[in-house]
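Please consult the sequence and the model shown below while reading.

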Amino acid sequence: MKMKKFINDPSKLTSELLEGLALANKDILELKPNNLVVSKSLKDANRVTVVTLGGAGHEPALSGFVGDGMIDISVVGDIFAAPGPHACIEAIKMAEKGHGVLFVVLNHAGDMLTANLTMKEARKQGLNVIKVVTQEDVSNAPRENSDDRRGLVGCVPTYKIAAAAAKAGKTLEEVAEIAQRFADNMATIAVAAREATHPQTGAPFADLGDIDMEIGMGQHGEGGGGRQPMKSADETVEIMMGALLKDLNIKTGEKLMVIMNGSGGTTLMEQLILFRGCVKYLEKLGIEVVANMVGEILTVQEQAGFQMFIARMDEELLDYWNVSAKTPYFSK
């Protein structure tokens, strides 16, 4: 089937979408050379700042969460591709306001290669930066091998928690510890019911047919090993939430953040029905949902499916989550 998208020159997708993001949010962010999306609140920052990197094509993530109370600078690569370390060093220097920089990276091969080269150069230049990696996909590695886990939607609440700790005046080491503690207590699992296509080539990521879904599929079409016939919303919730609770060893009486992240081709109707199912399922187990997001947060073009995320919350983390923020696609 021919890909149908309202685009211009496929080679200009990244530059045009970032220009559009900046034009639509002039009061929140601005676009700088080398595809740096910069929060306008950065100029007045007297705190630890937050920098991240990642390829375009997953909108609104990551740059849609640049703004007051979340990301200070997003370094953007081409579609599904990491940017280079030179741009990341430029961003870290730009973000430094005398208190250090937290560098949040999703665990994908290209992103990690760039991040490791960036950190090597940052040490050489004496820059005050700490890297935190988000790697919470439960489907492709056990918790004891968490370095092999992919980073999914969990990066977004990590930005929020870290930025709030920074706003509270915490040191870089304290911000990094808080962000890492949150990241160590989160888990995500994804499911796809229809594959995405690459917006530059039209090539499909996979072939799921008309009746199957695949639990565990990564956000670039990586296999998850959980292909099975489509289930109802509540049946799917039971399978996926069960895996998440087991991974984090969640017990009765605990408090959770739950995120229902649409992958790009799943309606809000479906997402809300699924979120309802999560809350009802957890209520039966005596587990309280104290924070949530529902909607398209980190997408894979028109892929039908979703990512289900949970994180163990304590009062400190909940307080940080509830601190005000203003970005194009998340405000509190």
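## Strand pairing and overall fold

Thr52 stands opposite Val104 in strand E5. The model is a predicted one, and the values given here are computed from it. The facing residues belong to a parallel pairing, in which four bridges join strand E3 (residues 49-56) to E5. E5 also pairs in the parallel sense with strand E6 (residues 129-134), over six bridges.

| Partner of E5 | Sense | Bridges | Facing residues |
|---|---|---|---|
| E3 (residues 49-56) | parallel | four | Thr52 and Val104 |

How many of the residues of E5 (residues 101-106) are buried? Six of its six residues are, and the strand is thus described as mostly covered. Val101, Phe103 and Val105 point one way from E5, while Leu102, Val104 and Leu106 point the other way. Both sets are buried.

Thr134 lies in strand E6. This residue is buried, because its relative accessible area is 0%, against a cut-off of under 20%. Leaving aside neighbours within four places in sequence, Thr134 is in contact with Val104, Val105 and Leu106, among others.

Helix H5 comprises 13 residues (residues 172-184). At 1.5 Å a residue these should span 18 Å, and the end C-alpha atoms are 18 Å apart, so the two values agree. The buried residues of H5 are Leu172, Val175, Ala176, Ile178, Ala179, Phe182 and Ala183. They cover an arc of only 165° around the axis, which puts them on the same side of H5.

For the chain as a whole, the secondary structure comes to eight helices and 12 strands. The radius of gyration is 19 Å, close to the 20 Å that the globule rule gives for 332 residues, so the chain is as compact as a globular protein of that length. Along its principal axes the C-alpha trace spans about 50 × 50 × 35 Å. Buried residues make up 54% of the 332 residues. Of the contacts between residues at least 6 apart in sequence, 72% join residues at least 24 apart. The accessible surface comes to about 14,000 Å², and 52% of it belongs to carbon and sulfur atoms.

Definitions and conventions:
Residues are numbered from 1 along each chain as its sequence is written. This is a predicted model: local features need pLDDT of at least 70, side-chain atom pairs count only at pLDDT 80 or more; totals for chains, interfaces and linings use all residues. Side-chain values use heavy atoms; hydrogens and water are left out. Helices (H or I, at least four residues) and strands (E, at least two) are DSSP runs, numbered from the N terminus. The expected span of a helix is 1.5 Å times one less than its number of residues. Buried means under 20% relative accessible area, exposed over 50%, partly exposed in between (1.4 Å probe, protein chains only). The arc is that of the directions from the helix axis to the C-beta atoms. The radius of gyration is taken over C-alpha atoms; the globule rule is 2.2 Å times the number of residues to the power 0.38. Contact means heavy atoms within 4.5 Å. Accessible areas come from the Shrake-Rupley method with a 1.4 Å probe; for residues, only the protein chains shown count as cover. Two strands pair if DSSP finds at least two bridges between them.
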